[in-house]
Amino acid sequence: MDMRSNNHQQQQQQVLDGSDIVELVENEKVFDKFVEHKFQQLDQDEDGELSVTELQPAVADIGAILGLPTQGTSSDSDHIYSEVLNEFTHGSQEKVSKTGFKEVLSDILLGMAAGLKRDPIVILRMDGEDLSEFIRSPGYESEIVSVYFSEIPSCEEASSLRDCIVKALQSLSVDHGMPPSNDPWVMSNIIEPIVDSCLDEEDKKEKSVSQERFLEAFKRVVERVAQRLNEQPVIVAHSENTFDGSGIKRLLSNKFEFDKALNVALELIPKDRHGKVSKEYLRAVLDTVAPSATLPPIGAVSQMDDMIMEALKMVNGDDGKLVKEEEFKKTMAEILGSIMLQLEGCPISVSSNSVVHEPLTSSTFLPPPPTETAEPSI
């Protein structure tokens with residue numbers, strides 16, 4: 001894209017780095033209003049306490065911000081959801097008071113702020129201008145021709161023109177000015193209606209689509225998408241992160257911090273009467289230590305999960321053997337060292353794009369900058 005397009009893209013970006021959350025939590029008066037608003041929203045029976053059932057929406061929102069799949073789809077991520085709930089209930093309480101809710105929510109929000117400081121979220125306002133620039137650019141046609149032959153090899157044989165165009169739209173990214181097509185909302189509210197409106201019934205069913213026919217129809221659809229975005233811009237939250245092992249290296253090189261992180265994690269793990277720990281808890285402790293090693297939660301990144309499983313197998317982490325605490329810590333160091341070496345040789349880059357369906361000031365756990373007169377919004 002040219003300089004003008006880059007300047008426009010920069011003007012349409014907002015970076016969430018956690019500073020607004022820290023400011024909110026540290027402003028006691030405004031944070032009290034924020035907690036009051038959220039508590040009343042969750043307290044469906046209005047008894048002044050939150051039950052486990054009433055806490056579930058808050059737990060689900062927190063999981064979504066952590067990038068976890070929905071509850072019930074992964075045993076690893078379900079474990080994290082359970083841990084978040086245990087933070088509120090302390091593992092045994094059936095009801096949570098407003099004071100207890102405030103204390104835990106404060107800790108969780110500050111944890112999120114720390115995560116955003118490390119891995120900021122960029123908010124993109126997609127208004128069709130970048131997509132229009134792409135359509136007018138000299139390289140547009142050659143890039144789409146490349147898509148035609150590489151991404152849609154069956155277009156000249158079995159697929160309909162409609163299917164070919166939808167697949168081609170899915171190959172465009174936010175860098176082109178296209179909202180993420182893997183978001184169901186984008187597919188059902190932008191892509192499918194526009195493709196259907198630009199093609200008549202015969203066009204939709206047309207087979208053996210020639211390159212020229214495809215290019216003509218595709219450009220018409222993309223121009224209409226750009227127009228739709230100009231009329232109704234879409235907000236997209238974009239994040240990028242690369243796991244290269246450097247966070248693990250820093251943690252392992254600082255024995256004091258490493259021991260401190262492990263001791264905190266081990267406090268939550270049951271031990272036998274001799275103080276021994278089962279190796280079956282290696283994964284749970286690794287998940288607790290993950291933020292200190294700049295690693296994602298287990299269940300959040302499939303490539304990382306595969307790497308962790310390989311490291312656990314290397315130390316027979318699933319044999320359930322009882323070991324002394326020092327041996328457990330040594331094994332944890334071996335696991336982290338193995339993951340570090342794998343990441344140094346083959347870093348894992350993760351990016352995500354999700355459509356924000358509400359104004360930023362009403363996002364669930366990303367509140368607006370606090371002011372003395374601001375109404376809590378969650």
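**Reading the model, feature by feature**

Tutor: With a relative accessible area of 71%, glutamate 46 counts as exposed. The term rests on a cut-off: buried means under 20% relative accessible area, exposed over 50%, and partly exposed in between, with a 1.4 Å probe and protein chains only. This is a predicted model, in which local features need pLDDT of at least 70, side-chain atom pairs count only at pLDDT 80 or more, and totals for chains, interfaces and linings use all residues. Residues are numbered from 1 along each chain as its sequence is written, and side-chain values use heavy atoms, with hydrogens and water left out.

Student: Where does glutamate 46 lie, and what is its phi?

Tutor: In general, most residues other than glycine have a negative phi. Glutamate 46 has a positive phi of about 55 degrees, although it is not a glycine. Its place is the loop between α3 and β2. Threonine 294, in the loop between α15 and α16, also has a positive phi, near 55 degrees.

Student: How many helices and strands does the chain have?

Tutor: Helices (H or I, at least four residues) and strands (E, at least two) are DSSP runs, numbered from the N terminus. Here the chain has 17 helices and eight strands. Of its 378 residues, 46% are buried. Its accessible surface is about 19500 Å², and carbon and sulfur atoms account for 49% of that surface. Such areas come from the Shrake-Rupley method with a 1.4 Å probe, and for residues only the protein chains shown count as cover.

Student: What does a salt bridge require, and how many are there?

Tutor: Side chains of opposite charge can pair when their charged atoms come close. The rule asks for a side-chain nitrogen of Lys or Arg within 4 Å of a carboxyl oxygen of Asp or Glu. By this rule there are twelve salt bridges. One of them joins aspartate 47 and lysine 95, whose closest N and O atoms are 2.7 Å apart. This pair links distant parts of the chain, 48 residues apart: aspartate 47 is in the loop between α3 (28–42) and β2 (50–51), and lysine 95 is in strand β3 (residues 95–96). Aspartate 47 is partly exposed at 37% relative accessibility, and lysine 95 is partly exposed at 29%.

Student: Which salt bridge lies within a helix?

Tutor: Aspartate 259 and lysine 255 form a salt bridge, at 2.7 Å from N to O. They are separated by about one helical turn because they stand four residues apart in helix α14 (residues 255–266). Lysine 255 is exposed, at 59% relative accessible area.

Student: Which parts of the chain does the salt bridge of lysine 279 and aspartate 319 tie together?

Tutor: Lysine 279 and aspartate 319 meet at 3.3 Å, N to O. Lysine 279 lies in the loop between β6 (277–278) and α15 (282–289), and aspartate 319 in the loop between α16 (302–314) and β7 (322–323), so the pair ties together parts that are 40 residues apart in sequence. Lysine 279 is buried at 9% relative accessibility, whereas aspartate 319 is partly exposed at 42%.

Student: Which residues gather in the patch of negative charge?

Tutor: Patches are made of residues with over 30% relative accessible area and no salt bridge, like charges being joined within 9 Å and nonpolar side chains (Val, Leu, Ile, Met, Phe, Trp, Tyr) within 5 Å. Lys and Arg count as positive and Asp and Glu as negative, while His and the chain ends are not counted. The place of a charge is taken as NZ of Lys, CZ of Arg, CG of Asp or CD of Glu. On this surface, Glu83, Glu87, Glu103 and Asp107 gather in a negative patch. Helices α5 (75–89) and α6 (98–118) each supply at least two of its residues. Glutamate 87, in helix α5, is partly exposed at 45% relative accessible area.
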